[in-house]
Amino acid sequence: MIADFTMRGVTKELRLPAKMSKPTKDPWGGVRVGLEAKTKLNRKDYGINYNELLETGAMAVGEEVELEINTEAIKEAVSKNGSESK
């Protein structure tokens, strides 16, 4: 999956390896597929440079951000006259 991703006003092309489930019929007769994509981003690449330290000396916020997308798509039914139903 390739998309433009914007965080804090900085836009970069993002390439996400995605997994797609096998199509399955739902109880209403539709056909559904699931999509899952994961990646890690460095927040400094998007101009986020906050580096507050905790009392222990550890950073309050890590440099790496994990992005996970889980979504589902449903195929639209086609009516008898060949048009898509809404």
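**Charged pairs**

Modeller: Glu64 counts as exposed because its relative accessibility is 55%; the term exposed stands for over 50% relative accessible area, buried for under 20%, and partly exposed for what falls in between (1.4 Å probe, protein chains only). Lys40, at 51% relative accessibility, likewise counts as exposed. The model is predicted, so local features need pLDDT of at least 70 and side-chain atom pairs count only at pLDDT 80 or more, whereas totals for chains, interfaces and linings use all residues. Residues are numbered from 1 along each chain as its sequence is written, and side-chain values use heavy atoms, without hydrogens and water.

The side chains of Glu64 and Lys40 form a salt bridge, with N and O 3.8 Å apart. Glu64 belongs to strand β6 and Lys40 to strand β5, so this pair ties together parts 24 residues apart in sequence. A salt bridge here requires a side-chain nitrogen of Lys or Arg within 4 Å of a carboxyl oxygen of Asp or Glu; strands are DSSP runs (E, at least two residues), numbered from the N terminus.

Asp26 counts as buried, because its relative accessibility is 12%. Arg32 also pairs with Glu72, their closest N and O atoms being 2.4 Å apart. This second pair links distant parts of the chain, 40 residues apart: Glu72 lies in strand β6 (residues 64-75) and Arg32 in strand β5 (residues 31-42). By this rule, the count comes to 5 salt bridges.

Note on methods
Helices (H or I, at least four residues) and strands (E, at least two) are DSSP runs, numbered from the N terminus.
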